[in-house]
Amino acid sequence: MRPFLPSLLLLAACQDYEIKGGDDLINDVGDDGEPDITVTPGAITFGPMAVGGDTTAIQTVTVRNDGEASLEIHDLMLANAELGSVYTISRIGSVLVPPASETTFTVTFQPLTAVEYNTEVLIDSNDPDEPQVAVPITASGEAPIILLSPETYDFGTLYIGCENAQPITISNVGNAQLEITDFSYFSASDDLYFSANEEINGPLPWYIPVGGSASVYVSYAPLDDYADEGFVRVTSNDPLRSEASAFQVGGGELYGENLDLFEQPIRGASDILFVIDNSCSMAEEQANLAANFQYFAAGLLELDLDYHIGVITTDNPAFRGEMITNAMDDIESEFITQTLVGTGGSGDEKPTEMAYQSTQSGGDAGPGSDFLRDDAMLAMIYVSDEPDSSPSTWSAYLSHFQSLKNDSDDFVSHAISGDWPSGCGSASATNNVYELSVATAGLYLSVCATDWASHLEALVDASAADLSSFELTEWPVEESIVVRVDGVVVTTGWSYDEADRSINFEESAIPEGGSTIEVEYALFGDCEG
């Protein structure tokens, strides 16, 4: 038996080789012929296949040896190695295929998104005629693909107070419906902000068909001269990129600044002109006015008002008596004396014309008189129960009265008259004075009311100089406004009124008399340039 030992050892050594890609250790067999590889199918097709979940597609590939010698499978590989994330090639059943035998392996496809994944499976063997067989694979995924445009946008440099809105287009460039489920905007600045444009797009979720799109907006309104950046994040059912982002940058530039200074008066000043109808129907109304003047006087005292009061009639522009001021000991008696003007006046009442004549240069209430002061509120209070027969229009009278003040808002017109427009009881509404009260935001009170006390209380408040409001000289960038009272920054108790271009203090926060109010703000630049 000893002569056979080397042959047995040699045979045992030859059993231990392993062909790359296989998982079998199979004894080689001696063959005098050649192997001949045949692969079926000759091509593999997957899809289009929906992306998502654990869904996969599997194809089995058969490798047959139609030759006369054993077929050795050396390797299985993808022609495009980067597609290894979507294709899985199993190990082959046997790396050594005897003649007239076959083995198999599988190709598993799991797409990531809606693209074509075309490649080849390469099979290396010892077939002398076909050492490498290529099996083409044609495959594609079915999925939505989100595209944001522009992905980066630079607003450039805008003047502080200006604003620019940039649309961000959300497109579906895939081959299945795109669902938008959420938006988030991230920025360290309030100058950049996002709008989903829901008035056009509707509430979430949105469904964007293949090839469709929707637009949202990012707006930039710089409030300072610092650089700003932010980005919008869009959440969708795109399986490859469930969160897509678009980025924005920009910077602000100061166009100009302004500082308005105001000195709060120690107490408010008002010049008040009463125009009283002295026709035959006015006895009761004059008596009501006289009897309730005490409430007007109490209001003057409570407001600590620096007042000038003059009384004229509807047929005479001259003062009925001495101008009533804080210096008088008994203003109620003086006012009552002047108010009871009698009922023998003209029945052709001209209240606005008499006020006009009285406030002409040389008139008792005109420029240069002791009555009319530059720094005081000018208030007119008309009391009548008849229409106005004045020769000019209310708008012409308004223009004249407002011209008496540096600020047109320092003129106000009130009336106690018949209800507008049809009157009340036997009293008629008074034209002109009604329009004047509306145009100046004054009071138009009913002459038929039984409670004249509340009338007089309301009138004194409405005739006092407004110490709570400060009109700015320029149009401010609202968010840039800084208010200081006596050098201290005040952040509460005031608001900006765009309609009046003014800073308005709440009643509890009105600066005390003698205070200095500073309002600093940025100016609007040329937002179109």
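**Cysteines, a sheet and confidence**

The sulfur of Cys-280 lies 16 Å from the closest cysteine sulfur, that of Cys-448, which is too far for a bond; a disulfide here is a pair of cysteine sulfur atoms within 2.5 Å. Cys-280 is exposed, at 66% relative accessibility, where buried means under 20% relative accessible area, exposed over 50%, and partly exposed in between (1.4 Å probe, protein chains only). This is a predicted model, in which local features need pLDDT of at least 70 and side-chain atom pairs count only at pLDDT 80 or more, while totals for chains, interfaces and linings use all residues. Residues are numbered from 1 along each chain as its sequence is written, and side-chain values use heavy atoms, with hydrogens and water left out.

By the sulfur distance rule there are two disulfides. In one, the sulfur atoms of Cys-162 and Cys-527 are 1.9 Å apart, and the link is left-handed, with -85 degrees about the S-S bond. Cys-162 sits in the loop between β11 and β12 (164-172) and Cys-527 in the segment after β31 (516-522), so this pair ties together parts that are 365 residues apart in sequence. Strands (E, at least two residues) and helices (H or I, at least four) are DSSP runs, numbered from the N terminus. Cys-162 is buried at 4% relative accessible area, whereas Cys-527 is partly exposed at 39%.

The other disulfide joins Cys-424 to Cys-448, with an S to S distance of 2.0 Å. Its torsion about the S-S bond is about 90 degrees, so the link of Cys-424 and Cys-448 is right-handed. Cys-424 lies in the loop between β24 (411-417) and α8 (433-439), and Cys-448 in the loop between β25 (444-446) and α9 (452-463), so the pair ties together parts that are 24 residues apart in sequence. Cys-424 is buried, at 10%, and Cys-448 is partly exposed, at 36%. With the bonded cysteines numbered in sequence order, the pairing is 1-4, 2-3.

Next comes the sheet. Five strands form an open sheet in the order β11-β18-β17-β13-β15, with mixed pairing; two strands pair if DSSP finds at least two bridges between them. β11 (152-159) and β15 (206-208) are at the edges with a single partner strand each, so one side of each has no neighbour in the sheet. Within the sheet, β13 (residues 178-187) and β17 (residues 227-236) run antiparallel and are joined by seven bridges. Phe-183 has Val-234 in β17 as its bridge partner.

Finally, confidence: pLDDT, the predictor's confidence in each residue from 0 to 100, averages 91 over the protein chain, and 94% of the residues score at least 70. Over residues 1-31 pLDDT stays under 50. Where pLDDT is low, the predicted coordinates should not be read in detail.

Conventions: Contact means heavy atoms within 4.5 Å.
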